[in-house]
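Subject: Structure handover

Hi,

Here is the structure I promised to pass on. Please have a look, and then read on for what I found in it.

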Amino acid sequence: MAGIIKPITDQERTERQDRVARAVASVRLEGLEPTDAAKAVFERYIAGEMTTQEMAAEIRALNAREFGPIHVSGD
């Protein structure tokens, strides 16, 4: 799935950790908790193994497998 991407710097790793921490905090404020599978995806992103787009696609795929398609009113 993940393509070959260039190694990230320590600064980028720290920025990725901060972005993930903010996203997880937001989810927790809504009363939810990321699954272990989602946390594993986040760790791969922080480590530089995935791009932001790849991480988002993997999280969407996890959610679709776990919860099925989401229908929005008006669809």
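This is a predicted model: local features need pLDDT of at least 70, side-chain atom pairs count only at pLDDT 80 or more; totals for chains, interfaces and linings use all residues.

Let me begin with Gln17, which sits in helix 1 (helices are DSSP runs of H or I, at least four residues, numbered from the N terminus). Gln17 is partly exposed, at 40% relative accessible area; buried means under 20%, exposed over 50% and partly exposed in between, with a 1.4 Å probe and protein chains only.

Residues are numbered from 1 along each chain as its sequence is written, and side-chain values use heavy atoms, leaving out hydrogens and water.

Glu54 belongs to helix 3. Glu54 is buried but has no salt bridge, and Arg44, the nearest side chain of opposite charge, is 6.9 Å away. (A salt bridge needs a side-chain nitrogen of Lys or Arg within 4 Å of a carboxyl oxygen of Asp or Glu; Lys and Arg count as positive, Asp and Glu as negative, while His and the chain ends are not counted.) The Glu54 side chain does reach the backbone nitrogen of Thr51, at 2.8 Å.

Best wishes

Technical notes: Helices (H or I, at least four residues) and strands (E, at least two) are DSSP runs, numbered from the N terminus. A polar contact is a pair of N or O atoms within 3.5 Å; within protein, one must be able to donate a hydrogen and the other to accept it, and residues adjacent in sequence count only if both atoms are side-chain atoms.
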